Amino acid sequence: FSMNQIAGSIEQEHSVVVNGGSGVLIQSMSKDYAYILTAKHCLHTDKDDPNSSFLNEHKVVSSHGEAIEVLDIVLHGTKDIAILIVPPRDNIELMLSDVVLTNNDKVKLCGYPADRRQEQSDYASHTFNYSDTVNGEIILSPEGALSEDNIVGFSGGGLFSSNQPGLLYAIETKMSGNTDREFHGNISAISAKEFINLINESNKKYKGLPLAQILPLHLSSFEHLIDFSFNVSKSWSDDNKLTFLIQILKDIATKEIQVSLNPHKILEDFRHYIQVHSRPNHEIHCKDLWISLLEVITISLLIDQPTIIDKNYVETVFKSRRLVFIGVNGTWQQHISDIFEAELKDFNLGGIVIAKTLSPQSLVQFSSDRLDKLIKHRNISKPVSNLDHITNVRSNVTKISSIVDLTALHAECIERKEDIFEPLTDRNDYPNKLVELRLALAKEYGTYLTIEKASGDE
C-alpha cells in the first residue's frame, strides 16, 4: 500500500452522492448517528435558486453504491452549507482541519462529477491550489485544464489535504465567477470549521438531545482505542503467551482506565499538556496520539499503583511523564525543536519525556547529557531571534532527566523479555500469577520510567 493509495481509499470511503451533488460522510461523537457535510443548494429542487423549495426525498449514496437514509437535516441560516444526520458509521476516521489554507497549499477535490455519473466508477478527484479567501469563501484554482462538465456534481464534495490522508479542509460550494460568460475552472469552498460552528451553535435537537460534536469517535471513549494499543511485533517463540500478555495490558486499560477516564474530557482539561509546540492543531485529535496516551497511563498505573485513577492522577502523570506526540515520520531527534522551544508547562524537575513519532527507532533512552550534545549539534539554542525560545530550551533541558521513545520502550520491555514473562503467561495459571505478572511489567517499564524523587518532593 502506498501512502497515496491509502489516502485515496480514505477519501473515497468518505465521499458520498447527495442528490445532484456530493458530500462528506463523518462519524459524530454519538454512536447513534453520523453526519454528511454538504452544500445547502444540493438539497433544493432547483440548485441555482436558493428560494426554491427543498426536495421531499434526498438521494444519498455511499461510495459502495448503497443508499443512505437521511434521518434529519441541519441547515445554516445564511451560508451555503448543510449537514445531514444519517445512521452511524463507526469505521470512519476523518479529521477536520482548523488550519487556514494559505498560498501554495494543494488540496484534492473529491466527489461525483456529473460527467461520470453514468459510468461504473463515478468517483473522481482533482488537485486544486489555494488562491484567495473572499468574504469567508475560499477560492481555489485547478492544477490542470478542467471543463465545466468536469466540475458539475462536485458541489458539496470535500477538499482534502493532498499529503495527509483523511484530513478535510473545506467543502466545495460552487464554481467561482460567472460561468455564463467565461469558465476558468475556479471553485469556491467553505472551511470545515464552519461546519463545526454550525453544530456547536445550532439549537436543533435530535431525539431530544443537543447535536453531538464533530470529533473523531475515538475521543468519546477509550473503548475505541484499546484494541489498537500495545501493538508489538510477534517475536516470541510462543506467540500465544505474548498475545496473552498483551491481553492482560488491554484488560487493565479496560477495567481501570476506560471506566473512569474519557479522552474528550482529558483533552478539555489538559490540552495545554498535550498540544506540542509548533505542531498543527488537528494533530491533537490524532488516533495514534490517544493510543499512546492510553499506553502511558496504563504503564504508569502499573508502576505507581495509585489507589484512585482519576483526573488528578492523570495530571500527576502529565507532570512527571510527559507524552510528546509528533504525528509524522522521522525520529523525535529530528523534531527536537518541537520538544524544547516551548515551555513544558508544570513539568517536574527530573521528569521524563516520552516521545512518539510515526517512525520506529531502536534507541529506548536518551539521557540528559546526550541531550546537551544533540541540542548543540542541532543549534536550536542559538537563534537570536527569539529569546523566549532560548530560555525555554535551557529550562527544559535542566528539568528533563531523559527522553524515552515509546515504540522502542515496548520493544525493549515486552518483545525482548520473553524469558522473564514466559513462566508468568500460561493461561492455565490465570489469575494466580496475575499479581506477579503486573509486578514484572512494572519492573521492566519502571527501569526507564521511574521518577527519582528529589529531596523536598512529597
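Helices (H or I, at least four residues) and strands (E, at least two) are DSSP runs, numbered from the N terminus. The structure is a predicted model, in which local features need pLDDT of at least 70 and side-chain atom pairs count only at pLDDT 80 or more, whereas totals for chains, interfaces and linings use all residues. Residues are numbered from 1 along each chain as its sequence is written, and side-chain values use heavy atoms, with hydrogens and water left out.

The confidence of the predictor in each residue is expressed as pLDDT, from 0 to 100. For the protein chain the mean pLDDT is 88, and 91% of the residues reach 70 or more. Confidence is lowest in helix α1 (residues 3-14), with a mean of 71, and highest in helix α13 (residues 434-449), at 98.

Lys265 and Glu268 form a salt bridge (a side-chain nitrogen of Lys or Arg within 4 Å of a carboxyl oxygen of Asp or Glu), with the closest N and O atoms 3.8 Å apart. These two residues are 3 residues apart in helix α5 and therefore separated by about one helical turn. Lys265 is partly exposed at a relative accessible area of 43%; buried denotes under 20% relative accessible area, exposed over 50%, and partly exposed the range in between (1.4 Å probe, protein chains only). A network of salt bridges links Lys265, Glu268, Asp269 and Lys311.

Rings of Phe, Tyr and Trp (its six-membered ring) pair if their centres lie within 6.5 Å, and planes under 30 degrees apart count as stacked, over 60 as edge-to-face and the rest as tilted. The count by this rule comes to 9 aromatic pairs. Trp236 and Phe421 form a stacked pair, at 6.5 Å centre to centre and 10° between the planes. This pair links distant parts of the chain, 185 residues apart: Trp236 lies in the loop between β15 (209-210) and α4 (239-258), and Phe421 in helix α12 (residues 418-421). Trp236 is buried at 5% relative accessibility, and Phe421 is buried at 0%. The pair of Phe270 and Tyr273 is likewise stacked, because the ring centres are 5.9 Å apart and the planes lie at 10°. Phe270 is buried, with a relative accessible area of 3%, and Tyr273 is buried at 3%.

A nonpolar core is a set of buried Ala, Val, Leu, Ile, Met, Phe, Trp, Tyr and Cys residues joined through side-chain atoms within 4.5 Å. The largest core has 81 residues, of which Leu140, Ile266 and Ile414 touch the most other members. Its largest share, 11 residues, comes from α6. Contacts (heavy atoms within 4.5 Å) of Ile414 include Trp236, Phe421 and Tyr445.

Across the whole structure, 20 salt bridges are found. One of them joins the side chains of Arg89 and Glu66 at 3.7 Å, N to O. Arg89 lies in the loop between β6 (82-86) and β7 (95-96) and Glu66 in the loop between β4 (60-61) and β5 (72-75), so the pair ties together parts 23 residues apart in sequence. Arg89 is partly exposed at 21% relative accessibility, and Glu66 is partly exposed at 39%. A further salt bridge connects Asp338 with Arg279, the closest N and O atoms being 3.8 Å apart. Both Asp338 and Arg279 are buried.

How values were computed: Lists of a residue's contacts leave out its neighbours within four places in sequence.
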